[in-house]
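The report below takes up the ligand surroundings, the metal site, the nonpolar cores and a few individual residues in turn. Please keep the structure in view while reading.

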Amino acid sequence: MLKIDHLSTSYRTIDGKVHVVNNLDFTIRDNEIFGIAGESGCGKSTLLKAIYDIVEFPLEIDSGRVILSGEKDGRPFSCESGEIRKTWWNHISYIPQAAQSVLNPITRLKAQFLDSVPEKIRERESDQHILRQVGQYLEELDLSPDLLNAFPFQLSGGMRQRVIIALATFLSPNVVLADEPTTALDVVVQRGILMMLMRLQKQLKNTIVLVSHDMGVHYQVTGRMAIMYSGSFVELGKTEDIFRSPIHPYTTMLIGALPRVGDRGQKIGIPGQPPALTDPPSGCRFAPRCPEATERCRCEVPAFREVKPGRFVACHM
Ligand SMILES: Nc1ncnc2c1ncn2[C@@H]1O[C@H](COP(=O)(O)OP(=O)(O)OP(=O)(O)O)[C@@H](O)[C@H]1O
Ligand SMILES: [Mg+2]
């Protein structure tokens, strides 16, 4: 469905190129919620931008591509980086990080829904007809159709996020990219948003790519997930397996640091800091923080390989 084919991206800065996504190669399937976790600055949002084809200065694709293929309304389709933007909303949609600010503050929500509908449909059908369908869709999502007459600033943070999710899913896209959709919301609202995403995925049987630094969110919502560190994936597999038996030392330490009900032991953080992307260490980028690192780890970049069926890890150990 969504093939990330040896993708590398960088930002052009006054100090030179900063390589942010390094040779990522993986597939996201039909009908799954795929999670991407990792520390701030590891490149999660950059990866989503490259998938969604928002590759604009200073971001560049250095090598590789993204291929989006599938079937919609009985018709097969396939497109790749450079063409994906032509299928926005219809085949793929994107809920950006800090999505609260993507709604235009000076237009009513109905105008923003109409804007998302492709020209072809707007030429064929009246705005009234489209808005009636939007209203029905909002009702299905337990939102009032009256919201269409509201301005974004009249909505609470949680409500705005629900509207953005409704906007991103109204045309039943095959893939929805959601970048930190619950950050900055309290836990009750967060739960409501996650339930809404899960319900929509079940209904549409499509693919949701969920980026979050919150491992608890991944545990509750995703079926498979990847752990990202300094621009690369260090582990990928079924979420359940990753939590039950993490393989990469970084994943093991991340999961070991999670609080658990009833556990009175002291939690140990991961020592050190992620490396600067402008001057990354040679070899495995986690080696300077890894308790198991050897000389080989400091010199040789570990390959990201399948160590068990469906389980990929980048570690010499
Ligand atoms: N426009 C830009 N120009 C230069 N560097 C950038 C730009 N945008 C992001 N970066 C750098 O790219 C790296 C990855 O950023 P990105 O936003 O993808 O991280 P992230 O994993 O999404 O982090 P967070 O969890 O904080 O959202 C960071 O080091 C960041 O400073
Ligand atoms: Mg981000």
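Helix α1 supplies the largest share of the shell around ligand 1, namely 3 residues, where helices are DSSP runs of H or I with at least four residues, strands are runs of E with at least two, and both are numbered from the N terminus. The shell comprises 15 residues, of which Ser-40, Gly-41, Lys-44, Ser-45 and Thr-46 come nearest; a residue is near a molecule if one of its heavy atoms lies within 4 Å of it.

Oxygen atoms of ligand 1 lie 2.8 Å from a side-chain N or O atom of Ser-45 and 2.8 Å from a side-chain N or O atom of Gln-97, while a backbone N or O atom of Gly-43 is 3.0 Å from an oxygen atom of the ligand. On its own, ligand 1 has 640 Å² of accessible area, and the protein covers 66% of that, as computed by the Shrake-Rupley method with a 1.4 Å probe.

## Basis of the values

This is a predicted model, in which local features need pLDDT of at least 70 and side-chain atom pairs count only at pLDDT 80 or more, whereas totals for chains, interfaces and linings use all residues. Residues are numbered from 1 along each chain as its sequence is written, chains are lettered from A and ligands numbered from 1 in the order in which they are written, and side-chain values use heavy atoms, with hydrogens and water left out.

## The magnesium site

Ser-45, through OG, and Gln-97, through OE1, coordinate the magnesium ion (ligand 2) at 1.9 to 2.1 Å. Donors are N, O and S atoms within 2.8 Å of the metal (3.2 Å for Na, K and Ca), and sites may look incomplete because water is not among the atoms. Since Ser-45 belongs to helix α1 (residues 44-52) and Gln-97 to the loop between β6 (92-95) and α2 (109-116), the pair ties together parts that are 52 residues apart in sequence.

Ser-45 counts as buried at 18% relative accessibility, whereas Gln-97 is partly exposed at 41%; buried means under 20% relative accessible area, exposed over 50%, and partly exposed in between, with a 1.4 Å probe and protein chains only.

## Nonpolar cores

The largest nonpolar core holds 39 residues, and Ile-95 and Phe-113 have the most contacts inside it; such a core is a set of buried Ala, Val, Leu, Ile, Met, Phe, Trp, Tyr and Cys residues joined through side-chain atoms within 4.5 Å. Helix α5 gives the most to this core, with 6 residues. A second, separate core has 34 residues, including Met-1, Leu-7, Phe-26 and Met-228.

Thr-9 lies in strand β1 and is buried, with a relative accessible area of 1%. Beyond its neighbours within four places in sequence, Thr-9 is in contact (heavy atoms within 4.5 Å) with residues that include Val-20, Thr-46, Ala-50 and Ile-61.

Ile-130, in helix α4, is buried at 1% relative accessible area, and its C-alpha atom is separated by 7.5 Å from that of Leu-114, 16 residues apart along the chain. Ala-226, found in strand β9 (residues 224-229), is buried at 0%; with neighbours within four places in sequence left aside, its contacts include Phe-34, Ile-36, Phe-233 and Leu-236. Ala-226 and Val-313 are 87 residues apart in sequence and 9.7 Å apart in space, C-alpha to C-alpha.

Terms used: Polar contact = N/O pair within 3.5 Å; in protein donor to acceptor, adjacent residues only side chain to side chain.
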